Amino acid sequence: MAQPFHLIRYQAVLSTPKRQLTSLRTTRSVIPQCSRQLHHQSRQTTRRPTGTPKTHLASSFPPPIRRSYHSEHHPDLPPHEYTNSQTTILSAALRHVPTHGFTRNALTLGARDSGFLDVSVQLFPRGEFDLVLFWLASRRGLLRASVEDGLFEKDERVMAGQTLSVEEKTKLLIIKRLKMNTEIRHQWQDALALMSLLENIPLSLSELHALSSEILTLAGDASVDASWYTKRLSVAAIYASSEVVMTRDQSPGLSETEVFVDRRVEDSTAIGEKLTGLKQCLGFMGSTAIGLGRSWGLKI
Amino acid sequence: MLSRSVRRSLGYHARRRVSIPEAPYRCFSCTRRAQAESKNERMTHFGFTNVPESQKESMVGAVFSSVASSYDTMNDFMSLGIHRLWKDHFVRSLNPGSALPSRETDTTGKGWNILDIAGGTGDIAFRMLDHATNINHDHETRVTIADINPDMLAEGQKRSIQTPYYNTSRLSFMQANAQQMPDIPDNSIDLYTVVFGIRNFTDKQAALQEAFRVLKPGGVFACMEFSKVENDVFNAVYKQWSFSAIPLIGQLVAGDRESYQYLVESIEQFPSQEEFRGMIQKAGFLIPGRGFENLTGGIAAIHKGIKPLPPV
């Protein structure tokens with residue numbers, strides 16, 4: 001009696017994950033095709049009894065031109081890695097930054113505001129530097145949100161019917177990001193000092209890279225050669241230097257900083273043009289020299 | 001045919017023999033009482049030997065009663081004075097005391113309520129009070145020193161006479177078992193510290209649960225304990241030192257080899273950084289960042305956990 005019973009249970013245990021697996025397989029093949037049109041289409045395919053819905057989809061619909069790696073059915077990942085309670089304290093602490101600066105006091109007040117104790121600041125092993133990092137990461141998130149809200153569409157030139165180049169978009173984004181610093185401008189030098197401490201340099205640099213990469217991605221840059229690196233480097237350099245200018249900018253609406261950014265962007269394009277010019281010139285001279293040599297009978 | 005049937009019957013017998021209930025275990029060399037004890041009671045570590053849980057407490061008690069008077073001298077000899085640096089760093093990183101005056105809207109109250117477990121001699125407690133007073137100018141923060149061992153507490157009381165906190169409301173002593181502290185109400189403590197003590201607890205998980213109970217939401221559990229050295233070469237040197245030099249120093253300075261043998265063995269038995277972090281997490285605490293900080297290559301480690309706010 002005992003044996004058959006065992007067998008039945010064993011089978012049941014075996015069959016359940018199998019069923020789950022098959023159901024998973026069908027949903028998996030549908031989810032990555034995440035744009036709305038395709039989702040609608042996928043409902044039709046599920047009606048088909050068997051077979052591979054994936055190939056069917058691919059054959060009947062032309063693939064979309066650009067697809068993101070994330071499904072729109074999932075919420076966006078936050079731009080930072082802090083937990084919920086950490087985020088609560090940090091966002092509350094940011095409200096105290098204009099008066100208290102990027103200090104432990106601002107953190108403590110943030111903890112008190114969100115119902116934590118003074119001692120709960122222990123949640124941040126890096127102390128006030130966590131506050132700086134959170135400021136940077138959250139502003140980066142806001143920058144993306146502003147583009148999604150139509151930052152480019154609201155621009156005068158676009159309203160007038162022009163289209164913006166990648167370079168113009170980049171400039172627009174840099175200035176937009178710098179203007180986010182307006183209210184904490186007087187505290188930013190302290191933050192820069194914190195970021196330049198030896199133990200904080202790696203994280204500061206990676207955050208700067210994340211920002212320049214984000215700016216270029218949002219501007220629609222799609223370079224896939226060595227210019228990927230040079231573009232990010234030059235945007236990072238422009239942003240970092242204009243940030244320093246911004247801390248001493250007393251003009252209303254950061255107009256001086258804006259002019260500074262303009263000049264730097266011009267400089268970098270000028271340098272780029274000169275480099276390509278130099279490359280062309282050298283290439284021309286080289287080919288001339290080879291041609292000259294050949295005409296003299298050299299075996300080149 | 002014949003041989004097959006014989007084999008089958010043999011196999012049948014063999015199977016049946018298994019199903020016959022085993023004769024109850026009979027030990028003729030030990031007494032009935034010892035047998036009953038070992039069956040009903042859970043065992044725990046006492047250094048490298050296994051002892052029943054009920055006995056560990058008194059055995060640890062005996063060790064610390066015998067080392068109480070020479071505790072600080074011995075620590076200096078064993079760690080070459082480094083334990084003072086660790087303790088200073090521990091207190092500095094916790095930054096006890098409120099530097100900001102509390103506002104009217106704050107519900108946190110004035111000063112911190114600190115519970116220092118296994119802090120009999122007051123090492124950590126006096127440091128924390130000094131830090132709160134001198135660095136943060138907070139004259140409200142108070143510390144309760146709890147220890148299971150009256151000899152260690154007496155040592156702390158004797159030392160507290162030298163400090164400005166003697167006979168004030170900022171310092172109090174309490175004899176208690178960290179696994180069960182009925183005298184301390186729920187949600188009443190800001191900061192719970194246990195420094196070089198949790199290793200000796202009989203049931204560490206129960207102590208962590210109790211810490212979770214007494215802490216206010218947002219309160220911090222901070223623990224400094226000997227841990228596992230990460231570098232293999234350094235580990236070899238360290239093990240050589242702890243297993244041969246420390247019991248010897250104990251014999252020469254304190255005249256008590258056994259107690260110090262227990263100390264090094266209990267260090268060896270303590271879980272690694274990651275395991276202990278898992279235990280803190282299991283008790284319900286939030287872990288900030290990596291959850292631990294190694295000191296001197298991992299000889300000691302500082303663990304922290306934060307009690308989360310109740311879900312709204």
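**Figure 1. Helix α11 of chain A and the glycine that follows it.** In this predicted model, α11(A) is followed by A:Gly220, a residue with a positive phi near 90°. The helix itself covers residues 201-219 of chain A, 19 residues in total. From its first C-alpha to its last it reaches 27 Å, close to the 27 Å expected at 1.5 Å a residue. Its buried residues are A:Ser204, A:Leu211, A:Ser212, A:Ile215, A:Leu216, A:Leu218 and A:Ala219. These buried residues pack against four helices of chain A: α7 (128-148), α9 (166-179), α10 (188-195) and α12 (227-247). An α-helix has 3.6 residues a turn, so residues three or four places apart point the same way.

Figure 2. Chain A has 13 helices and zero strands. Of its 300 residues, 23% count as buried. Among contacts in chain A between residues at least 6 apart in sequence, those that join residues at least 24 apart make up 61%. Where the chains touch, 16 residues of chain A are in contact with 20 residues of chain B. Helix α6 of chain A (residues 104-113) gives the most to the chain A side, with four residues. By type, the residues on the chain A side are seven nonpolar, seven polar and two charged.

Figure 3. Chain B has 11 helices and nine strands, and buried residues make up 37% of its 312 residues. Among its contacts between residues at least 6 apart in sequence, 72% join residues at least 24 apart. Seven strands of chain B form an open sheet with mixed pairing, in the order β5-β4-β3-β6-β7-β9-β8. The edges are held by β5 (171-175) and β8 (292-295) of chain B, each with a single partner strand, so one side of each is left without a neighbour in the sheet. On average, and with direction ignored, neighbouring strands of the sheet are turned by 15° against each other.

**Figure 4. Strands β7 and β9 of chain B, with helix α11 across them.** Strand β7 (residues 215-226) and strand β9 (residues 300-306) of chain B run antiparallel and are joined by seven bridges. Within this pair, B:Ala222 stands opposite B:Lys304 in β9(B). Helix α11 of chain B (residues 273-282) lies across β7, β8 and β9 of chain B. The helix runs at about 20° to β9(B).

**Figure 5. Helix α6 of chain B and its surroundings.** Helix α6 of chain B (residues 123-135) has 13 residues and reaches 18 Å between its first and last C-alpha, close to the 18 Å expected at 1.5 Å a residue. Its buried residues are B:Asp123, B:Ile124, B:Ala125, B:Phe126, B:Arg127, B:Met128, B:Leu129 and B:Ala132. What covers them includes helix α5 (82-94) and the strands β3 (113-117), β4 (142-147), β5 and β6 (189-195) of chain B. B:His137, which follows α6(B), has a positive phi near 50°.

**Figure 6. The β1-β2 hairpin of chain B.** Strands β1 (residues 43-46) and β2 (residues 49-52) of chain B run antiparallel, joined by four bridges. B:Thr44 has B:Val51 in β2(B) as its bridge partner. Two residues lie between the strands of this hairpin, and B:Gly47 in the turn has a positive phi of about 65°.

**Figure 7. Crossing of helices α4 and α9 of chain B.** The axes of α4 (residues 71-79) and α9 (residues 232-254) of chain B come within 10 Å and cross at roughly 145°. The crossing of α4(B) and α9(B) is right-handed. From α4(B), B:Thr73, B:Met74, B:Phe77 and B:Met78 meet B:Ile246, B:Ile249, B:Gly250, B:Val253 and B:Ala254 in α9(B). The residues of this contact are seven nonpolar, two polar and no charged.

**Figure 8. B:Asp151 in helix α7 of chain B.** B:Asp151 is found in α7(B), which spans residues 150-160. The residue counts as partly exposed because it has 17 C-beta neighbours inside 10 Å, whereas a buried residue needs 20 or more. Leaving aside neighbours within four places in sequence, B:Asp151 is in contact with B:Phe64, B:Ser65 and B:Ala68. B:Asp151 and B:Asp256 are 105 residues apart in sequence, and their C-alpha atoms are 16 Å apart in space.

Note on methods:
Residues numbered from 1 in each chain as written. Chains lettered and ligands numbered in written order. Predicted model: local features only at pLDDT ≥ 70, side-chain atom pairs only at ≥ 80, totals over all residues. Expected span 1.5 Å × (residues − 1). Buried ≥ 20, exposed ≤ 12 C-beta atoms within 10 Å, placed from the backbone. Contact = placed C-beta atoms within 7 Å. Axes fitted to C-alpha atoms, helices over the stretch in contact; angles between N-to-C directions. Left-handed = near helix turned anticlockwise from the far one by under 90°. Nonpolar A, V, L, I, M, F, W, Y, C, P; charged D, E, K, R; others polar. Pairing = 2+ DSSP bridges.
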